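I opened the notebook for a quick tour of this model. My entries follow, in the order I looked things up.

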Amino acid sequence: MIRSELIHIVTLRNPHLYQQDVEKIVGTILDDIANALAECGRVELRGFGVFSVRHRPSRSGRNPSNGTAVFVEEKWTPFFRASKEMQERLNPKK
C-alpha cells in the first residue's frame, strides 16, 4: 500500500471527512513519526509495532559492479519491530 491508497481507504471509511482533510491528517501523522525518529526517539503504536532508530557503524564494503573495496560511513537507519498481535495476524496458528 502506498500513501495515496491509504488516503483513499481512510476517505472511504469516513465519508464525513473531505479528502483534503484526510491528506492533511495522514501527512501530519507520518511527519510526526519521521520527526520523532529524527530526534533519535521511539514511536510505539500499540497493537501495530514500534518504530526506532539503529546505529550502523562504519565498515568496508564492496562495489557490486566491479568488486573494488569501498568505505561505507556510519549511519542511522530506521527500524520497525512488529507487535505480538501483528505477528499473530501475519502467522496464524494452524
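In which sense do strand 1 and strand 2 pair, and over how many bridges? I found strand 1 (residues 43–45) and strand 2 (residues 49–56) paired in the antiparallel sense over three bridges. For the terms, I count two strands as paired if DSSP finds at least two bridges between them. Helices (H or I, at least four residues) and strands (E, at least two) are DSSP runs, numbered from the N terminus.

**Ground rules**

I am working with a predicted model, where local features need pLDDT of at least 70 and side-chain atom pairs count only at pLDDT 80 or more, while totals for chains, interfaces and linings use all residues. I number residues from 1 along each chain as its sequence is written, and side-chain values use heavy atoms, with hydrogens and water left out.

I looked up Leu45 and found its bridge partner in strand 2 to be Gly49. The hairpin of strand 1 and strand 2 has three residues between the strands, and Gly47 takes a positive phi near 80° there.

**Entry: the other strand pairs**

I followed strand 2 onward to strand 5 (residues 75–82); the two run antiparallel and are joined by eight bridges. In this pair I noted Arg56, which stands opposite Lys75 in strand 5.

Then I turned to strand 3 (residues 59–62) and strand 4 (residues 69–72), an antiparallel pair joined by four bridges. Ser60 has Phe71 in strand 4 as its bridge partner. Six residues lie between the strands of this hairpin, and Gly67 takes a positive phi near 80° in it.

**Entry: the whole chain**

I counted three helices and five strands in the protein chain. Along the sequence they follow the pattern α-α-β-β-β-β-β-α. Is the chain a compact globule or more spread out? It is more spread out, because its radius of gyration is 19 Å, well over the 12 Å that the globule rule gives for 94 residues. The radius is taken over C-alpha atoms, and the globule rule is 2.2 Å times the number of residues to the power 0.38.

I also took the span of the C-alpha trace along its principal axes, about 55 × 40 × 30 Å. Buried residues make up 17% of the 94 residues. Here buried means under 20% relative accessible area, exposed over 50%, and partly exposed in between (1.4 Å probe, protein chains only).

I picked Ile7, which sits in helix 1. Ile7 counts as buried, because its relative accessibility is 7%.

At 29% relative accessibility, Ile9 counts as partly exposed. I checked Ile9 against Ser58, 49 residues apart along the chain, and their C-alpha atoms are separated by 41 Å.

**Entry: the largest pocket**

I asked for the volume of the largest pocket and got about 270 Å³. A pocket, on a 1 Å grid over the protein atoms alone where a 1.4 Å probe fits, is an open set with protein on both sides within 12 Å along at least five of seven lines; lining residues have an atom within 4 Å of a point. Grid points are joined across faces, edges and corners, and a volume is the space filled by probe spheres set on the points.

The lining consists of Leu6, Val10, Ile25, Val26, Ile29, Leu30, Ile33, Leu45, Phe48 and Phe51. The elements giving two or more residues to it are helix 1 (3–13) and helix 2 (19–38). Helix 2 gives the most, with five residues.

**Entry: salt bridges**

How many salt bridges are there? I count two, taking a side-chain nitrogen of Lys or Arg within 4 Å of a carboxyl oxygen of Asp or Glu as the rule. Arg42 pairs with Glu44, with the closest N and O atoms 3.3 Å apart. Glu44 also forms a salt bridge with Arg46, where the closest N and O atoms are 3.0 Å apart. Shared partners join Arg42, Glu44 and Arg46 into one network.

I looked up exposure too: Arg42 is exposed at 56% relative accessibility, Glu44 is partly exposed at 40%, and Arg46 is exposed at 75%.
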